[in-house]
Amino acid sequence: MTASEALQYAKENGAKQIDVRFVDIPGLQHHISYPIGEFTESSFVDGFGIDGSSIRGWAAINESDMLLIPDPATAFMDPFMETPTLVMIGDVRDPLTRQNYERDPRWIARKAELYLNNVGVGDTAFFGAEAEFFIFDNIRFDQNAHSGFYFIDAEEGRWNSSRVENNLGYRPRYKEGYFPVPPTDHYQDLRSEMVNVMERCGLVIECHHHEVATAGQCEIDQRFNTLVKSADNMMTYKYIVRNVAQQYGKTVTFMPKPIFGDNGSGMHVHQSIWRDGRPLFSGDGYAGLSTMALHYIGGLLKHARALSAIIAPTTNSYKRLVPGYEAPVNLAYSRRNRSAACRIPMYSTSPKAKRVEFRPPDPSANPYLAFAAMLMAGLDGVLNRIEPGEPLDKDIYDLSPEEMKSVPSMPSSLEEALVCLEDDHQFLLKGDVFTEELLETFIDYKRRHEADAIRQRPHPYEFSLYYDI
């Protein structure tokens, strides 16, 4: 939509409020609402004033005034609000210079798209992300000076098989939840409702299904789109999933590893580059890839350990990224091997379907930063003709210890990932897509508020291990 079309759309749908949304550096979406009378065509130029000092990773209090400029192309009617509300995603700008704010994740994603065009590699980067999540019935957690715990319950959780009251069975076994039909799959109708709402809000959905873990692990797959639009769509996707679940009396988490002993939730990201409507990743190389695609993979693999701080950005991410389990920690590529970090899907022979799937990311990532960082790593591979090495087509569990030593892997902790990002981030600074200041802010926030915070607190399992030592 254009600005005038958004105004007409609001009028046709009887909007009484407009809700403008934006994302902080860790990836949490925020919003501010205005009566419809405050919404005019000049709003798309003048914007709305907001205080950025309380937004994580943003301005100090003495530089806190920001402008929020709604993007009419993102408009949709909120399906959950009783008061008819028009939603738009906003871009953040400095009120004095009118320039885009350098710590706005959406602006960083836009700059990555601009960099792609400026270096002449292609004109469009397509991203398709598959975010998994869990649906629970109850969640309790607390942490203080003398206690710390969490407690999860889910009607579908296998641990409820011994429950006396109201027990009808049919629960997925641990690691056996992939594609069961109802009644073992408890959430067919709930996911279908999520899909219906997503489609009403403009998302294009390809499929949905139960995932591998027990306790309501699910996946809904969106159609790929351009980088910024895919990141916008991921934020809308999360909003809809959480709110539909809430309407059903359920709660959703995108934590990568909420349940011990079962599969975690990933966000596999499919990527390709096009020019003039023509796919550039199709060729006559390995798995039908072009030389450009192989070099793109080379860039992803070379910088994967640095990328990990952005694409798997929580301490909980590294409960999922554990060698020897389900996670794709091996920095190699393969046409079918899902234990490799880069997989080349082989479902279709069409050149338009040729793409690279990067598997280490998880849905705790800020999609604007994650997609931008992956594109920058891939472009570094293309521009510097980085070879990806030999493919890993063997079963990883059949490799000898000597062979495994030659396969590098993802970091084993958030702290290690942050050190990798400190040591290897020049590729992100190209074209001023990321800035040193932004990366320093990101690293400092993650280290002080997450990595150090976890390291300083006793873990409940430590009492089992050490109380009587």
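## Exercises on a predicted model

Arg98 sits in the loop between β6 (85-93) and α3 (105-118); helices (H or I, at least four residues) and strands (E, at least two) are DSSP runs, numbered from the N terminus. This is a predicted model, in which local features need pLDDT of at least 70, side-chain atom pairs count only at pLDDT 80 or more, and totals for chains, interfaces and linings use all residues. Residues are numbered from 1 along each chain as its sequence is written, and side-chain values use heavy atoms, with hydrogens and water left out.

### Exercise 1: backbone angles

Step 1. Most residues other than glycine have a negative phi, and most peptide bonds are trans.

Step 2. Arg98 has a positive phi, near 65°.

Step 3. Pro183 lies in the loop between β9 and α4.

### Exercise 2: the nonpolar cores

Which residues touch the most other members of the largest nonpolar core?

Step 1. A nonpolar core is a set of buried Ala, Val, Leu, Ile, Met, Phe, Trp, Tyr and Cys residues joined through side-chain atoms within 4.5 Å.

Step 2. The largest core has 125 residues, and those touching the most other members are Phe133, Met194, Tyr237, Phe371, Met374, Leu375 and Phe434. Helix α9 (residues 367-383) gives this core its largest share, 12 residues.

Step 3. A second, separate core holds 7 residues, including Phe134, Ile152, Ala154 and Ile259.

Step 4. Tyr237 is in contact (heavy atoms within 4.5 Å) with residues that include Phe133, Met198, Gln222 and Phe254, leaving aside neighbours within four places in sequence.

### Exercise 3: the largest cavity

What lines the largest cavity, and how do its lining residues divide by class?

Step 1. On a 1 Å grid over the protein atoms alone, a cavity is a set of points where a 1.4 Å probe fits but cannot get out; lining residues have an atom within 4 Å of a point. Grid points are joined across faces, edges and corners, and a volume is the space filled by probe spheres set on the points.

Step 2. There are 3 cavities of 30 Å³ or more, and the largest holds about 40 Å³ of space.

Step 3. Its lining consists of Phe127, Gly128, Ala129, Gln222, Arg223, Ser230, Asn233 and Met234. Two elements, β7 (124-136) and α5 (227-247), each give two or more residues to this lining.

Step 4. The lining has 3 nonpolar, 4 polar and 1 charged residues, where Ala, Val, Leu, Ile, Met, Phe, Trp, Tyr, Cys and Pro count as nonpolar, Asp, Glu, Lys and Arg as charged, and the others, Gly among them, as polar.

Terms used:
On a 1 Å grid over the protein atoms alone, a cavity is a set of points where a 1.4 Å probe fits but cannot get out, and a pocket is an open set with protein on both sides within 12 Å along at least five of seven lines; lining residues have an atom within 4 Å of a point. Buried means under 20% relative accessible area, exposed over 50%, partly exposed in between (1.4 Å probe, protein chains only).
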